[in-house]
Amino acid sequence: MKSEPVRLPAEWEPQGGVLISWPHEATDWAYMLDSVEACYVELAAAIARHAPLVVVAPDTERPRRLLRDVDARYPIVYFDCPTNDTWIRDYGVIVTLDADGRPVLNDFGFNAWGGKFPAELDDDVTRRMAEAGLLRGRYEDRRAFILEGGSIESDGRGTLMVTSDCLLTPTRNHGMSRDDIDAVLAGSLGARKVLWLDAGGIIGDDTDGHVDTLARLAPGGVILYATPAFGVDDPGQAALLERLRASLEGVTDADGEPYSLVGVPLPEPMYDPDDGSRLPATYLNYLVINDAVLLPTYGQAKPDMLASQIVRVAYPGHTVETVDCSALVRQHGSLHCATMQVPASALPL
């Protein structure tokens with residue numbers, strides 16, 4: 001696989017800031033806006049302790065008011081922009097660095113996970129941010145190819161990890177083969193090797209198996225991956241996670257180096273209190289942000305504590321801070337889905 005002289009930084013590399021998209025009454029959050037906004041306030045405060053924060057919203061007056069008492073070490077910047085929904089991980093800018101370290105603003109297409117929901121406003125957010133000068137770098141319109149930020153993991157050295165269930169879904173890039181997609185990822189993101197996981201998505205997931213719900217690349221040649229919740233008889237989930245483990249067995253990076261595999265048990269099953277549907281709660285949906293890891297928790301003392309301990313060992317030199325995402329998972333996403341990190345060279349704050 002040949003690649004362009006660009007690279008997609010690893011999430012644990014230095015960051016210049018983090019983007020979030022505020023929930024509002026025109027989103028699916030309307031029926032529980034107060035509770036999800038409380039989660040976003042906690043998330044925003046945690047981010048602003050470690051990096052600048054950019055808040056995107058159709059009308060930023062409300063988040064400005066809700067965040068006015070946040071004790072922020074770093075600046076909070078507000079950007080008025082229409083949005084369909086909050087999952088900026090999947091429609092926000094994906095920044096690569098060229099051979100001279102200059103930022104490239106990759107604007108991939110977003111069609112709400114294969115046309116499941118309206119997405120025309122979200123698909124336009126990166127272009128609007130670039131035109132407003134909030135993002136700095138060479139803008140590349142790649143919207144002919146559908147690619148969500150939550151569907152890719154990078155080690156910063158040419159290895160990407162993806163899932164076949166997501167990237168090969170016909171409603172994203174119909175007719176494209178695995179080799180075709182490998183070529184796109186090589187040319188646009190500098191991938192020298194793509195690790196394809198064949199497992200499916202955890203129960204309740206509507207992204208067709210985003211990799212950031214299942215497995216994450218970590219420093220030092222480590223892959224953290226989801227394992228069954230302790231003491232829970234959950235055969236459907238267990239079968240999926242066994243396939244995940246099998247896909248990871250024996251994989252190597254772009255330089256042929258093997259990985260150490262570390263399991264992270266899922267939380268105990270969670271269900272929507274209104275309709276009883278299974279929610280896709282996972283601890284793998286964390287955000288690495290400079291000297292910290294922001295870990296989603298779900299009000300489960302022992303599972304939350306165990307996940308925190310495992311992640312702390314995997315990220316030496318980082319603090320692990322938890323954010324209760326029990327409200328956020330009600331719309332089938334979590335902390336990583338709600339954020340997008342941006343290198344300092346691409347965010348002139």
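I took buried to mean under 20% relative accessible area, exposed over 50%, and partly exposed in between. The model I consulted is predicted.

**Entry 1: Arg102 and Asp98**

I looked up Arg102 under that scale. Its relative accessible area is 49%, so Arg102 is partly exposed. Asp98 has a relative accessible area of 14% and is therefore buried. The two residues form a salt bridge, and their closest N and O atoms are 2.9 Å apart. I noted that the structure holds 30 salt bridges.

**Entry 2: Asp124 and Arg143**

I turned next to Asp124, which forms a salt bridge with Arg143, the closest N and O atoms lying 3.1 Å apart. Asp124 sits in the loop between helix 4 (112–115) and helix 5 (125–131), while Arg143 belongs to strand 7 (residues 138–146), so the pair ties together parts that are 19 residues apart in sequence. I checked the accessibility of both partners. Asp124, at 14% relative accessibility, counts as buried, and Arg143, at 23%, counts as partly exposed. Both residues belong to a network of salt bridges that also links Asp107, Asp123, Arg127, Arg128, Glu131 and Asp141.

**Entry 3: Asp234 and Arg278**

I then examined the side chains of Asp234 and Arg278, which meet in a salt bridge at 2.6 Å, N to O. This pair links distant parts of the chain, 44 residues apart: Asp234 is in the loop between strand 12 (222–227) and helix 8 (235–248), and Arg278 is in strand 15 (residues 278–279). I recorded both Asp234 and Arg278 as buried.

**Entry 4: Asp205**

Asp205 has no salt bridge, and the nearest side chain of opposite charge, Arg172, is 7.6 Å away. I found that the Asp205 side chain reaches the backbone nitrogen of Gly209 at 2.7 Å. Leaving aside residues up to four places away in sequence, Asp205 touches His210 and Pro280.

**Entry 5: Strand 2**

I asked how many residues of strand 2 (residues 17–21) are buried. Five of the five are, so strand 2 is largely enclosed by the rest of the structure. Side chains in a regular strand alternate between the two faces of the sheet.

Four bridges join strand 2 to strand 19 (residues 339–342) in the antiparallel sense, with Met340 as the bridge partner of Leu19. Strand 2 runs parallel to strand 3 (residues 53–57), again over four bridges, and here Ile20 has Val55 as its bridge partner.

**Entry 6: The sheet 1-5-6-7**

I followed an open sheet of four strands in the order 1-5-6-7, with mixed pairing. Its edge strands are strand 1 (6–7) and strand 7, each of which pairs on one side only. Strand 5 (residues 94–98) and strand 6 (residues 103–109) run antiparallel and are joined by four bridges. I noted Leu97 opposite Pro103 of strand 6.

**Entry 7: Helix 1**

At 1.5 Å a residue, its 16 residues should span 22 Å, and the end C-alpha atoms are 22 Å apart, which agrees. I listed its buried residues, among them Leu33, Val36, Glu37, Tyr40, Leu43 and Ile47.

Notes. Residues numbered from 1 in each chain as written. Predicted model: local features only at pLDDT ≥ 70, side-chain atom pairs only at ≥ 80, totals over all residues. Heavy atoms only, no water. Buried < 20%, exposed > 50% of the residue type's maximum accessible area, 1.4 Å probe, protein only. Lys, Arg positive; Asp, Glu negative; His and termini not counted. Salt bridge = Lys/Arg side-chain N within 4 Å of Asp/Glu carboxyl O. Polar contact = N/O pair within 3.5 Å; in protein donor to acceptor, adjacent residues only side chain to side chain. Contact = heavy atoms within 4.5 Å. Helix = DSSP H or I, 4+ residues; strand = E, 2+ residues; numbered from the N terminus. Expected span 1.5 Å × (residues − 1). Pairing = 2+ DSSP bridges.
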